[in-house]
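Trainee: Could we go through this model together, with the terms set out as they come up?

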Amino acid sequence: MAEIKDPENTIVITLKDGPVVIELLTDVAPKHAARMKDLARAGAYDNVAFHRVIEGFMAQTGDVANANMEKDYNPGRAGTGGSDMPDLPAEFSKLPHDRGTLGAARSQNPNSANSQFFINFGDNHFLNGQYTVYGRVIEGMEHVDKIARGEPPVNPDRMISVKVAADA
């Protein structure tokens, strides 16, 4: 596994093909990074589907209200919910939406991000300055590349488990 410099600010997502290690960018987007750690520690992301996966663009997940494939999974509602915590204010930065970066999914309102996020398959610079970047994949992008495509996928992949590296 990748050398983890800061286990408290590193997330490990277990996918069907292997682990994905994400470095959280706490200096750039501290509220978004903290939210991801809180939800991971609560087990809220475990078994949550990738509900929107677009070839060459991104894989979106994190709807903890409607997309838990082991509890009340609703494919028709997946992507419409968040957590029971309040929405987050935008934390826009100069960081580009490069391949492997994590972006906060939101509605038209820039301050509506909650639990959903996406991982960029490619450099999606048209998103720069419009969506909060708060992490980057440092290992396991080849596993992200194998996530089933679709809006929604016919047989969606899921985050089997999501842990803060310090807790693993």
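Mentor: Contact, or touching, means heavy atoms within 4.5 Å. This is a predicted model, in which local features need pLDDT of at least 70, side-chain atom pairs count only at pLDDT 80 or more, and totals for chains, interfaces and linings use all residues. Residues are numbered from 1 along each chain as its sequence is written, and side-chain values use heavy atoms, with hydrogens and water left out.

Trainee: Which residues touch the most other members of the largest nonpolar core?

Mentor: A nonpolar core is a set of buried Ala, Val, Leu, Ile, Met, Phe, Trp, Tyr and Cys residues joined through side-chain atoms within 4.5 Å, where buried means under 20% relative accessible area (1.4 Å probe, protein chains only). The largest such core has 34 residues, and those that touch the most other members are Ile11, Ile13, Phe117 and Met159.

Trainee: Which helix gives the largest share of this core?

Mentor: Helices are DSSP runs of H or I with at least four residues, numbered from the N terminus. The largest share, four residues, comes from helix α1 (residues 30–41).

Trainee: Which phenylalanines does Met159 touch?

Mentor: Residues up to four places away in sequence are not counted here. The contacts of Met159 include Ile13, Tyr45 and Val48, and the phenylalanines are Phe50 and Phe117.

Trainee: What is the relative accessible area of Ile11?

Mentor: Ile11 lies in strand β1 (residues 10–15), strands being DSSP runs of E with at least two residues. Beyond four places in sequence, its contacts include Val20, Met36 and Val162. Ile11 is buried, because its relative accessible area is 0%.

Terms used: Buried < 20%, exposed > 50% of the residue type's maximum accessible area, 1.4 Å probe, protein only.
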